[in-house]
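Biologist: Hello! Could you walk me through the labels on this model and show me what stands behind each one?

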Amino acid sequence: MDKIYINGGKPLHGEVSISGAKNAAVAILPAIILAQDVCRVENIPNISDVSMMIRILHQLGAKIQKIDNTTYEIDSSTINSYVVTHDMTKHLRASYYLIGALLARFGRAKVAMPGGCNFGVRPIDQHIKGFEILGSSVSFKENAMIDVEAKELTGGLVYFDVVSVGATINLMLAAVKAQGLTIIENAAKEPHIVDLANFLNSMGADVRGAGTDVIKIRGVEHMHGCTYSIIPDQIEAGTFMVAAAATNGAVLVKNVIPKHLESITAKLVQCGVTVEEFDDSVLVKGNGRPGKCNIKTMPHPGFPTDMQPQFATMLAIANGTSIVSEGVWDSRFQYVEQLTRMGANISVNGKAATIEGVESLNGSPVKADDLRAGAAMLIAGLIAKGTTSIENIIYIDRGYDNVVGKFKQLGADIYRVNDSDEPQLIENSEVG
Ligand code: EPU
């Protein structure tokens, strides 16, 4: 198992370019199944969640050509199976998007229940409710397989009881070829929902209202191939913004959509950080020790839960006491134990953490409990005096493209090593 080592305490300086959005890519790749044609998708991030999704498409029969590091051409006309087994889905939460896409294409999907990060119970009742309203029958088979079948998918009105990114995406995938009109109410509004809608429309679908809480989808008979470029990753951008601020550095974060970063920018500014917005970049400059602030995570356009651990890590060295409340997941404070080892003063009570800012953190051996917890450990290591080693970086690889190379480019003393080797420098191109 590889580890990341960081000799911390150095401000980050320079420029970093943000990769394509993980959570858009893992929705757009299964959507290609609907084209029955060739799609060329650009700005695909080089991360393990994406490699797993591409491997699943290949196993289902798609022809896949890698054009360059971020561009793939995928021919889904040769897909000939609607069965996705456990060995394909066990590490990937987004594998559940294959249900909506295969159901729309074949009228049936048999997909093993998804893996992914563990934040407590991760139900899919809203996905199932939506499939049923569209005329499907849903059953659970042995080996934790979900079997969804419809003689004919028919549009309907789906009101989600909770705002769910996954359920919104899955229903969009299932509905684009259904008979008639589907209306999704209380839909999620994240940037990757809009990106998926734009991609589906580029393939000939009729999806309107994405980015608002009512999405209307009029089913079409045929879809076709297209060329499409995925939006930049809001959370990767936010992670570099917070890392710049937390190390009291100055970083130009390039290839971003500043509008997608507004909630993160607003909180950084509240903490006394300077953020300048340009057309497709943001310049983040620390102004000494960050100030305190309170955060509550919420669905978009609220403060994203996927930035909560990284921001809390910066607040661990802020001047004053901050309260961070988690409004999306039941259990997303596992990383606090690791930060405490490094000298942070944080107490968790249910879904809220009280953070008494300390002057600095101390390097320590820590582990990534999940993807964003791993990002928090990276920031903690960059802040801390001395050496931090991070285990379980398989989680970080799921969602951050060449993260070691990118931090190294900003002046960080950061290395990735194979556990069996002596610590050694890994070149940028080999990392992530
Ligand atoms: N929920 C239900 N029933 C459902 C679906 C969700 O009760 O049928 C609840 C969940 O338990 C949770 C809330 O609704 O409390 C929101 O869950 P959502 O469905 O929005 O989450 P998700 O689709 O499983 C995606 C991202 C997560 C991100 C959340 C929230 C992907 C592949 N994953 O998960 O990203 O935290 O939305 O924004 O898009 C990450 O990138 O690190 C990550 C975990």
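Modeller: Gladly, starting with a pair of side chains: R108 and D147 meet in a salt bridge, 2.6 Å from N to O. R108 belongs to strand 7 (residues 108–112) and D147 to strand 9 (residues 145–149), so the pair ties together parts 39 residues apart in sequence. Strands (E, at least two residues) and helices (H or I, at least four) are DSSP runs, numbered from the N terminus. This is a predicted model, where local features need pLDDT of at least 70 and side-chain atom pairs pLDDT 80 or more, while totals for chains, interfaces and linings use all residues. Residues are numbered from 1 along each chain as its sequence is written, and side-chain values use heavy atoms, leaving out hydrogens and water.

Biologist: What makes the contact between R108 and D147 a salt bridge?

Modeller: The term asks for a side-chain nitrogen of Lys or Arg within 4 Å of a carboxyl oxygen of Asp or Glu. R108 and D147 come to 2.6 Å, N to O, so the pair meets that rule. By this rule the count comes to 17 salt bridges.

Biologist: Why is D147 called buried?

Modeller: Buried means under 20% relative accessible area, exposed over 50%, and partly exposed in between (1.4 Å probe, protein chains only). D147 has 3% relative accessibility, so the label is buried.

Biologist: And what is E149 called, buried, exposed or partly exposed?

Modeller: E149 has 39% relative accessibility, so partly exposed is the label. E149 also forms a salt bridge with R108, with the closest N and O atoms 3.9 Å apart.

Biologist: Why is R398 called buried, and which side chain does R398 join in a polar contact?

Modeller: R398, found in helix 13 (residues 394–399), has a relative accessible area of 7%, so R398 counts as buried. The side chains of R398 and D49 are joined by a polar contact of 2.9 Å. That term takes N or O atoms within 3.5 Å; within protein, one must be able to donate a hydrogen and the other to accept it, and residues adjacent in sequence count only if both atoms are side-chain atoms.
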